[in-house]
Amino acid sequence: MCRTLIGKELRDIKWKLFVAFLVLVASIVLMIILHERLLELLPADMSEIPFFISPDMFNNFRDFTNAMWSNLNDQNLPQIGSLLAIILGIGLLAPEIESGTITLLLTNGISRQRVFWTKSILAVGALILLLVVVGILVVPLSSAFGYSLRHFRIIPATLVAALGIAFVFSVSLLISLILKERIWSGIVSAVVFALWSILGFWEATRVFSPFYHMRARDYFYGDANFPWLAVVGFIAATIAVLLVAERRFAREEL
Amino acid sequence: MSVIITRELSKVYGAKQAVCDLNLAITRGSVFGFLGPNGSGKSTTVKMLLGLRSPSKGSAQVLGFDSSTESELIGQHVGYVPELGNLYPQLTVQESINLVKGLRPSWDDSYANHLLTIFELPDRQRVRKLSKGMQRQLALLLAMAPRPELLILDEPSSGLDPIKRQEFLQVLMDGVAETGQTVFFSSHNMTEVERVADTIGILHNGRLVVTGDLEEIRHNVKRIRVVMANKEPLQLQNSVRKIEGEQGQRIVTVEKGLDAVLAELRAMQPLVIETYDLSLEDIFVIYAGGDAKCAAH
């Protein structure tokens, strides 16, 4: 790691992280504020709910803790978090290679490995930290509006989501190093993960979708233990993809 | 002692041979002008020296470090000004200085401030708002302030107006005179190379067609105007680079053995025989005007 480079990188990504943080916190606050209002709108009898709302969703709306998980871990974190991960991934090295600014670092005595790992570790670390902080903030924010959570599994579940999103980051970074162009890298990454998420729609295939594992649904509902396998899987997959990306960057002709 | 040594350094892009069997030895303390037309392979060579691109064949050593495996060490001892900007547009002048200063332990603050004053760079201005000339000056400041043993400049003054170019070269030469740095100066601008370089190499179609001491090359490469009484083709025993002209007047371009060629011509009892000195630009055209090609690989 290189301290000077860390300072520069933090400066480069701080606004992206800040905006994502604000959006996620705003979505939590909005969900808390609107919770009572949504309850009033729900029909009393399950037979009256529209066909596209499952009984699970219906129950999620009624229970505050479930509603928060449904809002954050089932929806906003995988979506907004993945979008942020793609933005960070494609913006990490490809634009610097494209514009030639990377040579300023490489011709001043920093190795490609050091540049790659300093940037990647910092981005992954900041991403995970931001998402976990958001998960933790659910507790005080709920209290501030007079609600309390029945249990705090939302916080460990957020860690699983954050690790899954780190995996999205690593794949986007690799795609950007292959395509070497920011806009196309963003489009391709988004399409890849949109298609990948489709696997989560069916029970037979959902185990192959990273988004299914990110949600840690069974753990949250108390139907399963903490998903260590998903955690180890996400960490291993992220490291593996980053190693491939680092090899790619080491061979890059600048 | 040589600070840059290349051995059969070559680079191939698909079917195009960008650099072909380049053998260079640049001695410490010299200012080496690396000349060549656009697209002749100068920038590719520079990038291979810095380890930014890997050679297809051959090797390069810079300050004793292998450019393919020790580029990090090369970067710690070299100052580099690229042809195209490598500055972060979002940073201010001062932030750019702080960034490079943090990477280079040998950074000389007083020299950096001296250059900042000479160039009149506004330290709070963002790089994107600087004129092209100022951006080049900042790039030179960032390359020179760590007091590197070797400066590698790739078309450093391209896009500068004549006044800025003069200033730029003056600062460069002052710095070199003060520290005895070695300079590898790639350019296609003959005037500036003539002003700063003591040795040159001319690259054409990826091949090094001539290299050596500039004064020696100037001394050896001459044009001789000969007017003969007869109009028969001129046949010489001595090797010459080119014979041009028709009727009685011939222009003979010589690259070595001037005295022998003159003696041979005088023996033919010409009506007129005159020797002309050539400018670097003339010499460049002589060497870069041919059709040097790489052998097929």
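1. Helices (H or I, at least four residues) and strands (E, at least two) are DSSP runs, numbered from the N terminus.

2. This is a predicted model, in which local features need pLDDT of at least 70 and side-chain atom pairs count only at pLDDT 80 or more, while totals for chains, interfaces and linings use all residues. Residues are numbered from 1 along each chain as its sequence is written, and chains are lettered from A and ligands numbered from 1 in the order in which they are written.

3. Within H11(A), the buried residues include A:Ala230, A:Phe234, A:Val241 and A:Phe249, where buried means that 20 or more other C-beta atoms, placed from the backbone, lie within 10 Å of the residue's own. Among the elements that cover the buried residues of H11(A) are helix H6 (112–144), helix H7 (154–179) and helix H9 (210–215) of chain A, a contact being two residues whose C-beta atoms, placed from the backbone, lie within 7 Å.

4. Chain B has an open sheet of six strands in the order S6-S7-S8-S3-S9-S10, with mixed pairing; two strands pair if DSSP finds at least two bridges between them. Strand S6 (78–81) and strand S10 (207–213) of chain B are its edge strands, each pairing on one side only. Inside this sheet, strand S3 (residues 31–35) and strand S9 (residues 199–204) of chain B pair in the parallel sense over four bridges, and B:Phe32 stands opposite B:Thr199 in S9(B).

5. Helix H10 (residues 280–288) of chain B packs on that sheet, touching S3, S9 and S10 of chain B, and its direction makes about 35° with that of S9(B); axes are lines fitted to C-alpha atoms, for helices over the stretch in contact, and angles run from 0 to 180 degrees between N-to-C directions.

6. A further open sheet of chain B has four strands in the order S12-S13-S11-S14, with antiparallel pairing. Strand S12 (242–244) and strand S14 (272–277) of chain B each have a single partner strand, so one side of each is left without a neighbour in the sheet.

7. Strand S11 (residues 222–227) and strand S13 (residues 249–254) of chain B pair in the antiparallel sense over six bridges, and the bridge partner of B:Arg223 in S13(B) is B:Thr253. Helix H9 (residues 258–267) of chain B packs on this sheet, where it touches S11, S13 and S14 of chain B, and its direction makes about 0° with that of S11(B).

How values were computed: Buried ≥ 20, exposed ≤ 12 C-beta atoms within 10 Å, placed from the backbone.
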